[in-house]
Amino acid sequence: MADEEIQLNDPQTLYRRWEASQWSPFEVDLCSDRDQWPGLTGEQRSLVHFVLSSLMVAEERITTKFSGLVGAYGSEEEATFLATQQVDEARHMQFYARYQDEVVAAPEQIGAHVTRARAEVSDAFGQIFDVALVEAHEQLVSSPGDLQAKVRFVTLYHLVIESTLGLTSFKFITDYLRQTQLLPGFVAGYSKIHHDETRHIGYGVWFLRETVRTSPDQADTLRQTLRAVLPHVAASLQLPGDGGASALLGVSEDQLKEFALGGLTRRMQIVGVPLETVYA
Ligand SMILES: [Fe+2]
Ligand SMILES: [Fe+2]
């Protein structure tokens, strides 16, 4: 079973899946969203604003702080897969920018969206995306052959940002929008993005598992990276406002954290570095 999973998630298999999963951010139908937008309550609108802001900031960082990993490839198959991930992240940024332009606000440049979004996200979010991710990327760019730098980067990018934060946001936001039958175009685009993200996470788990197998000392790099960033992850899973967003979504912060932690626990098990060893 375990060996089958490795096969399923190796970079060549993931590349073939990418070839079979092409979509365009400009073909997602946003007509219903445009019709619904003026009728949303103030609370609903500010929740969507917060979500979009967070996603815009995240995707901008994720797109522009990735090329170091492409340059740190270990095989041609890995280089090929990583090139597709770079394209995917740019595509995701394009979808959120289009959504801002066509549904939420007047047309603006992507940079202007991100600047506005930055003003709305929390300090913890900034610590992850503007400090930890930027530093890990700079180290990888300056030393592409440094395995420790690559492990640190993939832990932060694929395991923390794309898995722990990304999958949690996707689940609770799309659950809410589906239940209330709101913004179907947003749900459709976000679901395409989610499908891409599961491929990216598949790569990250594959890389970390292979690396820990062949270089067991790198397990400590993974642990150290998580120890440094997990407090910010916990803080960034807090919902905005004094309980309003939480009540609107029908979900408590404990539920959010439980879901996030449950996923991280399972992935760390597959990688071969159980989460409980991080704080041992
Ligand atoms: Fe993405
Ligand atoms: Fe991604």
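A residue is called buried here if 20 or more other C-beta atoms lie within 10 Å of its own, exposed if there are 12 or fewer, and partly exposed in between. With that cut-off in mind, and remembering that this is a predicted model, we can say that buried residues make up 40% of the 280 residues in the chain.

What elements is the chain built from? There are 13 helices and zero strands, so that the order of elements, read from the N terminus, is α-α-α-α-α-α-α-α-α-α-α-α-α. The radius of gyration is 18 Å, close to the 19 Å that the globule rule gives for 280 residues, and the chain is therefore as compact as a globular protein of that length. Along its principal axes, the C-alpha trace spans about 55 × 40 × 40 Å. Among the contacts with a separation of 6 or more, 80% are between residues 24 or more positions apart.

In soluble globular proteins, nonpolar side chains tend to be buried together. In this chain the largest nonpolar core has 67 residues, and those with the most contacts inside it are Tyr 96, Ile 128, Leu 133, Phe 153, Leu 156, Ile 161 and Leu 208. Several helices each supply at least two residues of this core, among them H2 (11-19), H4 (42-64), H6 (76-104) and H8 (123-142). The largest share, 12 residues, comes from H9.

Next, consider how two of the helices pack. The axes of H2 and H10 come within 10 Å and cross at roughly 175°, which means that H2 is roughly antiparallel to H10. On the side of H2, the residues that meet the other helix are Pro 11, Leu 14, Arg 17 and Trp 18, while H10 brings Arg 199, Gly 202 and Tyr 203. The residues of this contact divide into four nonpolar, one polar and two charged.

Helix H10 also holds Ile 201. Is Ile 201 buried or exposed? Ile 201 has 20 other C-beta atoms within 10 Å, and therefore it is buried. Leaving aside its neighbours within four places in sequence, Ile 201 is in contact with His 158, Glu 162 and Ser 163. Ile 201 and Val 160 are 41 residues apart in sequence, and their C-alpha atoms are 9.8 Å apart in space.

Finally, turn to the loop between H9 and H10, where Gln 181, Leu 182 and Leu 183 are found. Because Gln 181 has 10 other C-beta atoms within 10 Å, it is exposed; Leu 182, with 18, is partly exposed; and Leu 183, with 26 C-beta neighbours inside 10 Å, counts as buried. Leu 182 touches Gln 36 and Leu 177, not counting residues up to four places away in sequence, and its C-alpha atom is 8.7 Å from that of Ser 32, although the two residues are 150 residues apart in sequence. The backbone of this loop deserves a look as well. Most residues other than glycine have a negative phi. Gln 181, however, has a positive phi of about 55° although it is not a glycine, and Leu 183, which is not a glycine either, has a positive phi of about 45°.

Key. Residues numbered from 1 in each chain as written. Chains lettered and ligands numbered in written order. Predicted model: local features only at pLDDT ≥ 70, side-chain atom pairs only at ≥ 80, totals over all residues. Helix = DSSP H or I, 4+ residues; strand = E, 2+ residues; numbered from the N terminus. Rg over C-alpha atoms; globule rule 2.2 N^0.38 Å. Contact = placed C-beta atoms within 7 Å. Core = buried A, V, L, I, M, F, W, Y, C linked by C-beta atoms within 7 Å. Axes fitted to C-alpha atoms, helices over the stretch in contact; angles between N-to-C directions. Parallel < 35°, antiparallel > 145°, perpendicular 65-115°, else oblique. Nonpolar A, V, L, I, M, F, W, Y, C, P; charged D, E, K, R; others polar.
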